[in-house]
Amino acid sequence: MSFFKKSGGSAPKINHVQYFGKSLSEVVSQCQKINPSSTVPFLIAQILQALSANGVTAEMIQVENESVQVKEFIKKNDASEDWGIVGNKDSALLVGLLKSWLKQVPDPILPNVENLRAATQSKDLTPIKKFIGGLPAWNYVLLKSFCSFLKSVAEKGDSTSSRILAMSFASLLMKPKDKSIGLSVNLMTLLIDQNSSLFSESEENETAKSNNDKKSKRKDRGKGKEREVEKERELSVSERERENKVEERLDTSEERISDFKKESPVIETEKTTN
């Protein structure tokens, strides 16, 4: 399973990107300066790929790993060129890195889950599909990558695997209020089990189209403003030209009058007396 967009080369280096404590949009923006086609942060994509290659299980992911090793690893590699993720066989360390990163992302990847309480109790997946389809592009793509990864892990386990994985990641991805923790776990379980239906290609295309439409509208507004400025400039130039022509005509008229006065003979009138 690959979480990188095909670009004809190997996985991108993950240097010069600050991952921890930054918003998702900030991290993706930094990644795109290195590789414009990036949609998932390099570090996260490499961790998911390495865990898939290692054959990680739901039980391994369930174990909490807030060890000193994870903290030291983050501190050591924060400014390094290569975190050493590709080919790393220490799944406990990789899971710890993944959870630490999610904890430090300021905003939830899937926000406002309280709005989906009724939807999680229905067999109709349409409301959930529409809800996640309306997420910002980076949130949608990352959520899809996570759920696709968790689905592949769950398929290797038993009937409880999806629930175990949901309990491990629901709070990290959704950051719910206390009263919504159960809801977030139920929703996460659905996102894993119904992955192919909720993240269908049509929905992904609609999300991409929606984001492209927003960009196009912003560009059109920008072009509209440019056209208005250009028109104002043209009008300003035309007005100046008209004013110059009027001044030229006035100058010419004054010169003609002056010349006429010089050339015309002086007519003297004699007074007659009776």
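1. Lysine 175 is partly exposed in this predicted model, its relative accessible area being 28%. The residue lies in the loop that links helix H8 (161–174) to helix H9 (181–193). Although lysine 175 is not a glycine, its phi is positive, at about 45°.

2. Proline 176 belongs to the loop between H8 and H9 as well. Its relative accessible area is 18%, and because buried means under 20%, proline 176 counts as buried. When neighbours within four places in sequence are set aside, the contacts of proline 176 are Val113, Ala170, Ser171, Ile181 and Ser184.

3. Asparagine 112 provides another case of positive phi in a residue other than glycine, with a value near 55°. Its place is the loop between H5 and helix H6 (126–133). With a relative accessible area of 48%, asparagine 112 is partly exposed.

4. The packing of helices H4 and H5 may be considered next. H4 covers residues 68–77 and H5 covers residues 91–104. Their axes come within 9 Å and cross at roughly 70°; the two helices are therefore roughly perpendicular to each other. On the H4 side, the contact is formed by Gln69, Val70, Phe73 and Ile74, while H5 contributes Leu93, Gly96, Leu97 and Ser100. By residue class, this contact between H4 and H5 comprises five nonpolar residues, three polar residues and no charged ones.

5. Serine 23 is found in the segment that precedes helix H1 (24–34). Is this serine buried or exposed? Serine 23 is buried, since its relative accessible area is 14% and the limit for that class is under 20%. The side chain of serine 23 takes part in polar contacts with two side chains. One of these contacts, at 3.2 Å, is with the side chain of serine 25; in the other, the side chains of serine 23 and glutamate 26 are joined at 3.1 Å.

6. On the cysteines, the following may be noted. A disulfide is a covalent bond between the sulfur atoms of two cysteines. How many disulfides does the structure hold? The number is zero. Cysteine 31 is buried, with a relative accessibility of 0%. Cysteine 147 likewise has a relative accessible area of 0% and is buried.

7. The remaining remarks concern the protein chain as a whole. The chain contains 11 helices and zero strands. Read along the sequence, its pattern is accordingly written as α-α-α-α-α-α-α-α-α-α-α. Of the 274 residues in the protein chain, 39% are buried; proline 176, serine 23, cysteine 31 and cysteine 147 are among them.

8. A final point concerns contacts across the sequence. Where contacts in the protein chain join residues at least 6 apart in sequence, 73% of them link residues at least 24 apart.

Technical notes
Residues are numbered from 1 along each chain as its sequence is written. This is a predicted model: local features need pLDDT of at least 70, side-chain atom pairs count only at pLDDT 80 or more; totals for chains, interfaces and linings use all residues. Side-chain values use heavy atoms; hydrogens and water are left out. Axes are lines fitted to C-alpha atoms, for helices over the stretch in contact, and angles run from 0 to 180 degrees between N-to-C directions. Helices (H or I, at least four residues) and strands (E, at least two) are DSSP runs, numbered from the N terminus. Angles under 35 degrees count as roughly parallel, over 145 as roughly antiparallel, 65 to 115 as roughly perpendicular and the rest as oblique. Contact means heavy atoms within 4.5 Å. Ala, Val, Leu, Ile, Met, Phe, Trp, Tyr, Cys and Pro count as nonpolar, Asp, Glu, Lys and Arg as charged, and the others, Gly among them, as polar. Buried means under 20% relative accessible area, exposed over 50%, partly exposed in between (1.4 Å probe, protein chains only). A polar contact is a pair of N or O atoms within 3.5 Å; within protein, one must be able to donate a hydrogen and the other to accept it, and residues adjacent in sequence count only if both atoms are side-chain atoms. A disulfide is a pair of cysteine sulfur atoms within 2.5 Å.
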